[in-house]
Amino acid sequence: LEKSSKDPELGAWLTKYKGIYENKKTMKPIKNAIFDFKKHSKKIAIKYSKRNDVIEITYNQLIKEISSLYNYYKNNNIENLNIGIISENRYEYITAYLSSAFLNVIAPIDKEMTSDDLSKLIEKFDIKILFYTNKTKETVLSAIKGNSTLKPINIDERYQYIIQEEY
């Protein structure tokens with residue numbers, strides 16, 4: 001990390017997200033990614049279409065959003081929990097998945113699952129946080145009815161708030 005101290009932007013980022021690269025299980029790949037941060041930060045990491053627009057996400061943006069979700073987990077003591085993600089293929093699925101992997105166990109869930117099957121899966125895998133979207137909302141709300149131990153997070157309603165609040 002000493003090499004990064006010559007770059008104020010990277011140094012500030014490393015200080016803010018220190019916990020991510022200190023995770024012993026993932027330390028080597030994370031350190032490699034961090035040292036390549038400056039080199040690749042402005043390159044396009046992901047392209048996707050939203051309505052009629054093509055959205056381009058740089059590595060810098062991607063890392064910042066993953067880090068923001070990671071900080072949300074840390075600030076809310078969300079660690080060593082099972083987190084479910086039920087969503088269509090979309091950018092936010094990627095960031096929710098990657099940020100969760102640092103501190104928690106991920107359970108990707110088929111977006112076509114019925115509410116009965118989802119309810120059983122939530123119970124079987126002890127899901128404590130469930131990311132979902134407006135398209136999966138009806139199924140999710142039906143499946144979690146009466147479940148007071150699960151925290152649902154609607155990506156379409158809360159994602160941007162969490163990203164902005166935690167960064």
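Start by selecting Asn 154: this residue is buried, at 2% relative accessible area (buried means under 20%, exposed over 50% and partly exposed in between, using a 1.4 Å probe and protein chains only). Asn 154 sits in strand S6, residues 151-154. Strands here are DSSP runs of E with at least two residues, helices are runs of H or I with at least four, and both are numbered from the N terminus.

Before you click on, bear in mind that this is a predicted model, where local features need pLDDT of at least 70 and side-chain atom pairs count only at pLDDT 80 or more, while totals for chains, interfaces and linings use all residues. Residues are numbered from 1 along each chain as its sequence is written, and side-chain values use heavy atoms, with hydrogens and water left out.

Now show the neighbours of Asn 154. Leaving aside residues up to four places away in sequence, Asn 154 touches Tyr 132, Thr 133, Asn 134, Lys 137 and Tyr 159; contact means heavy atoms within 4.5 Å.

Zoom out for a moment. The protein has nine helices and six strands. Of its 167 residues, 41% count as buried. Among contacts with a separation of 6 or more, 55% are between residues 24 or more positions apart.

Next, colour helix H5 (residues 59-75) and helix H6 (residues 91-101). The two pack at an angle of about 55 degrees, with their axes 8 Å apart. Axes are lines fitted to C-alpha atoms, for helices over the stretch in contact, and angles run from 0 to 180 degrees between N-to-C directions. H5 and H6 are therefore oblique to each other (under 35 degrees counts as roughly parallel, over 145 as roughly antiparallel, 65 to 115 as roughly perpendicular, and the rest as oblique).

Which residues in H5 meet H6? Select Gln 61, Leu 62, Glu 65, Ile 66, Leu 69, Tyr 70 and Tyr 73 on the H5 side, then Tyr 91, Thr 95, Ala 96, Leu 98, Ser 99 and Ser 100 on the H6 side. The residues of this contact divide into eight nonpolar, four polar and one charged. Ala, Val, Leu, Ile, Met, Phe, Trp, Tyr, Cys and Pro count as nonpolar, Asp, Glu, Lys and Arg as charged, and the others, Gly among them, as polar.

On to the salt bridges. The structure holds eight, each a side-chain nitrogen of Lys or Arg within 4 Å of a carboxyl oxygen of Asp or Glu. Pick Glu 92 and Arg 90, whose closest N and O atoms are 2.9 Å apart. Glu 92 is buried, at 9% relative accessibility.

Two other pairs are worth a click:

- Glu 56 and Lys 47 meet at 3.5 Å, N to O; Glu 56 is partly exposed at 41%, whereas Lys 47 is exposed at 56%.
- Asp 126 and Lys 128 come to 3.0 Å between their closest N and O atoms; Asp 126 is partly exposed at 41%, and Lys 128 is partly exposed at 22%.

Last stop: Asp 116, in helix H7 (residues 115-124). Is Asp 116 buried or exposed? At 55% relative accessibility, Asp 116 counts as exposed. Draw a line from its C-alpha to that of Ile 144: these residues are 28 apart in sequence and 9.5 Å apart in space.
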